[in-house]
Amino acid sequence: MGLRCGMRTTKCQLLVTSLCVMLLGLSVATLSTVTHYGLHFTLLSNISLESNSYRVIHHTAFYFGICLSMTLILAALLSSAATVRESQLLTAMGFFCFALAFCGLIPAACWRYTHSTEVEDSMMDVYDLVYEEVRRNASSFRRHELTAIHEAFLCCGKHSPFGDTANVETKTCPSSQVRDVGQDCLQEIRDFLKKHMDLVSTLLGIAIGFTVYGMILTSFLWFSIHFSSNLDRKGKYILRER
């Protein structure tokens, strides 16, 4: 009786957890898509040189996010099905998906904190490259790219140790930002990226918590189903004819 009650409680908790994990997987997929196709990130990725690490980081983050979201959604679906059907196989598969997601989340979280400045530096390097090329030779191609960056980030120029930046900024800044010539675009890029990475860190933390909880619940459900089936078999009696 106690095993049945515990199993019923576990099933309810696992259903709620599966729903939350499903929503979390959709959120990760949405954030990955916004990161990959969003104007700010796509613009800098298209402008960056092959030698710049930003383009590699940009594509890797998208594919990792999509794979992670699919794993979370699959774990949620398998766990829900296992709860309804009381299947040991589905429960084990759900546990495996939670464990797989957890194994991907831990390295991602570690990379986020150990390489926190790498993404920021690579994005600002792209802006520095375009800005300095426009300042030196006023290339029409680079000037259009610099104008697009200023319009996307709503900023105007940067503080340059070489001076002679007013002419560049006047020609490439949006009309609404011309009066703020000298406003540091590098700071705007840094602030924008910080907000985005804070959101990423929040999702990573929540995902790690739910995957651990999901592994605990699926483990408990598997053992509950296993011992429950053994008890059912022990309670059956067969009458034999004399």
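**View 1. Arg-112 sits over the face of Tyr-113.** In this predicted model, Arg-112 lies 5.2 Å from the ring centre of Tyr-113. A charge is said to sit over a ring if NZ of Lys or CZ of Arg is within 6 Å of the ring centre and within 35 degrees of the ring normal. Local features need pLDDT of at least 70, side-chain atom pairs count only at pLDDT 80 or more, and totals for chains, interfaces and linings use all residues. Residues are numbered from 1 along each chain as its sequence is written, and side-chain values use heavy atoms, with hydrogens and water left out.

**View 2. Tyr-37 meets Phe-62.** Rings of Phe, Tyr and Trp (its six-membered ring) pair if their centres lie within 6.5 Å; planes under 30 degrees apart count as stacked, over 60 as edge-to-face and the rest as tilted. By this rule there are six aromatic pairs. In one of them, the centres of Tyr-37 and Phe-62 are 5.8 Å apart and the planes stand at 80 degrees, so this is an edge-to-face pair. Distant parts of the chain are linked here: Tyr-37 belongs to helix α1 (residues 2–37) and Phe-62 to helix α3 (residues 54–85), 25 residues apart. Helices (H or I, at least four residues) and strands (E, at least two) are DSSP runs, numbered from the N terminus. Tyr-37 is exposed, at 57% relative accessible area, whereas Phe-62 is buried at 12%. Here buried means under 20% relative accessible area, exposed over 50%, and partly exposed in between (1.4 Å probe, protein chains only). Together with Tyr-63, Tyr-37 and Phe-62 form one aromatic cluster.

**View 3. Phe-153 meets Phe-192.** The ring centres of Phe-153 and Phe-192 are 5.6 Å apart with planes at 90 degrees, so this pair is edge-to-face. Phe-153 is in helix α6 (residues 140–153) and Phe-192 in helix α8 (residues 185–234), so the pair ties together parts 39 residues apart in sequence. Phe-153 is buried, with 6% relative accessible area, while Phe-192 is partly exposed at 26%.

**View 4. The setting is a protein of eight helices and zero strands.** Starting at the N terminus, its elements run α-α-α-α-α-α-α-α. Of the 242 residues, 42% are buried. Among contacts (heavy atoms within 4.5 Å) with a separation of 6 or more, 76% join residues 24 or more positions apart.
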